[in-house]
Structures are given as C-alpha cells and as structure tokens.
Amino acid sequence: MTHVDGNALAGDLREIFAVDVTVATGQCAGCGYKGSVASLRVYQNAPGTVARCPHCEEVVLRLVRAPGRAWLDLRGTVSLEIPLQS
C-alpha cells in the first residue's frame, strides 16, 4: 500500500470545519461521556479557552488564538461526530 501526504485531507477538512461544530457530539477521553460541544463547560480566563466535560470536569478541548492563526488541542476527546449537510 502506498500513501500520500496530509494535503490529501484538505478538501475533507475544509468541509468539516465549515460547519457549526457546537452541534457535534464529542466523547470524553476521561469518563466516556457523550454530548454536544455546546454542553461543554468553557473557561476563558486564561491565555486561551479551555472546555471541560460537564460530567467529570476533564479537559476535552483547548483553543489558543493569535493574529492569523489558532491552535486546537482535542487530546481529551476520543471522537468528534460532526453532522454534515448532504
């Protein structure tokens, strides 16, 4: 089997992140809780934004923005199911 580089993901990722991700269903890596991104507890009193699981309080998402760029850390999320329009 051969492989291609990450540029092959560009079209799919552009489509995914062009939607409202707050309606996506995420699964917490800490406790397994599944719920919408909108149900997360968000803390903004830091250099970035931290979102915690409403069930166990584990960090599931971190977002840091700077001029012209952003860093998104989802290591506390097992999966993120994003509804797409057909």
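Which residue forms a salt bridge with Arg 62? Keep that in mind while reading this predicted model.

1. **The Arg 62 pair.** The partner is Asp 73, and the closest N and O atoms of the two are 3.0 Å apart.

2. **Buried or exposed?** Asp 73 has a relative accessible area of 16%. The cut-off for buried is under 20%, so Asp 73 is buried. Arg 62 is partly exposed at 33%. Arg 75 is exposed at 67%.

3. **The other salt bridge.** The whole structure holds three salt bridges. One of them joins Glu 57 and Arg 41, with the closest N and O atoms 2.3 Å apart. Glu 57 lies in the loop between β4 (49-52) and β5 (59-66), and Arg 41 in strand β3 (residues 41-43), so this pair ties together parts 16 residues apart in sequence. Both ends are partly exposed: Glu 57 at 26%, Arg 41 at 40%.

4. **The sheet.** Three strands form an open sheet, in the order β2-β1-β7, with antiparallel pairing. The edge strands are β2 (34-36) and β7 (77-81), and each pairs on one side only. From one strand to the next, the twist averages 25°.

5. **Inside the sheet.** Strand β1 (residues 25-28) pairs with β2 over three bridges, in the antiparallel sense. Thr 25 has Ser 36 in β2 as its bridge partner.

Methods. Residues numbered from 1 in each chain as written. Predicted model: local features only at pLDDT ≥ 70, side-chain atom pairs only at ≥ 80, totals over all residues. Heavy atoms only, no water. Pairing = 2+ DSSP bridges. Helix = DSSP H or I, 4+ residues; strand = E, 2+ residues; numbered from the N terminus. Axes fitted to C-alpha atoms, helices over the stretch in contact; angles between N-to-C directions. Salt bridge = Lys/Arg side-chain N within 4 Å of Asp/Glu carboxyl O. Buried < 20%, exposed > 50% of the residue type's maximum accessible area, 1.4 Å probe, protein only.
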